[in-house]
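Welcome, and please get your viewer ready. We will take a short walk with a few selections along the way.

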Amino acid sequence: HYTAGTATRYEPSLLTGDGRHQSLAKGLPIGKRFHSGTVLRFADARPMQLGHAQIADGRWRLFAFCDGADPTTAGSPIQRLCEFLAGSPASPVLRYTPKGADIDSVFDVRAVFQQQHIDLDIGRMPALLLPAKGRLGLRDYEKMFCVDREHGPDIFDLREIDRRKGCLVVVRPDQYVADVLPLEDVERLARFFAGFMVEP
C-alpha cells in the first residue's frame with residue numbers, strides 16, 4: 001500500500017477536517033483513503049463496491065450514510081440535507097457549480113440507506129438523488145444504495161457507522177476522506193468548502 005501512496009494520512013488542514021465527529025464513522029478515518037464496502041444499488045438491486053461509485057474525475061463526493069428514519073418522509077435527515085444542498089443560497093452545490101453545468105459536475109451526492117431496496121419507494125426520494133443530466137436530461141439512477149447483507153458485511157457494521165445518527169462523509173477528488181459530519185450540520189459543511197473554494 002505504501003508504495004502506491006494509499007497508506008498516507010493527511011493531517012488536519014484546509015482540505016482535511018479536525019476529526020471532532022470521527023466517532024460517527026470510525027472505520028472511515030479522516031485524512032486516509034476512503035475504505036469501500038459492498039452495497040446494493042437501489043435502482044436495480046445490483047451488488048457493488050461503494051468505492052467503485054467514485055472514479056477519479058476531479059469531483060468531490062458527499063456520501064450520506066442515512067440514519068434509520070424512512071428516507072422518503074418529509075423532514076427526515078436525508079430529505080432536509082438534500083433540500084439544503086439543492087435549494088439554500090449557502091449550499092456549496094449551488095455556490096460552486098457553474099451555471100448551466102450538471103448539478104453533480106462539482107459535487108457528487110450519494111446516499112446509503114439502512115432499509116432494504118424493496119421497502120423503499122424510489123419515486124419519493126429527494127430530486128437531488130435522481131438528477132436529470134446531460135443534453136437530453138436523462139435521469140441518473142446511480143446515486144442511491146442500500147445495505148447488502150448477502151454478499152458481505154453490512155457497510156454500517158464494516159465501517160462502524162453510527163446507525164442511530166448516520167453521517168455525511170466528505171471525500172476529496174483524490175479519494176481521501178476530508179471530513180465526517182453529522183447529517184444535519186449543514187453550516188459546518190458550508191464553512192468547510194467556503195475555506196478554499198471560489199464561486200465561478
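This tour of a predicted model visits a pair of cysteines and then an arginine.

**Stop one: the cysteines**

Start by selecting Cys-66 and Cys-82, and show their side chains. How many disulfides does the structure hold? The count is zero. Cys-66 takes part in no disulfide, and its nearest cysteine sulfur is that of Cys-82, 8.0 Å away.

**Stop two: Arg-163**

Next, select Arg-163. You will find this residue in the loop that runs between helix H3 (155–158) and strand S8 (167–171). With the surface still on, note that Arg-163 is partly exposed, its relative accessible area being 29%.

Which residues does Arg-163 touch, leaving aside neighbours within four places in sequence? Select Asp-67, Gly-68, Gln-114, Arg-149, Asp-154, Phe-156 and Asp-157: Arg-163 is in contact with each of them. Zoom in on Asp-157, whose side chain makes a polar contact with the side chain of Arg-163 at 3.0 Å.

**Last stop: a longer view**

Drawn from C-alpha to C-alpha, the line between Arg-163 and Glu-142 spans 22 Å, and the two are 21 residues apart in sequence.

Methods
Residues are numbered from 1 along each chain as its sequence is written. This is a predicted model: local features need pLDDT of at least 70, side-chain atom pairs count only at pLDDT 80 or more; totals for chains, interfaces and linings use all residues. Side-chain values use heavy atoms; hydrogens and water are left out. A disulfide is a pair of cysteine sulfur atoms within 2.5 Å. Helices (H or I, at least four residues) and strands (E, at least two) are DSSP runs, numbered from the N terminus. Buried means under 20% relative accessible area, exposed over 50%, partly exposed in between (1.4 Å probe, protein chains only). Contact means heavy atoms within 4.5 Å. A polar contact is a pair of N or O atoms within 3.5 Å; within protein, one must be able to donate a hydrogen and the other to accept it, and residues adjacent in sequence count only if both atoms are side-chain atoms.
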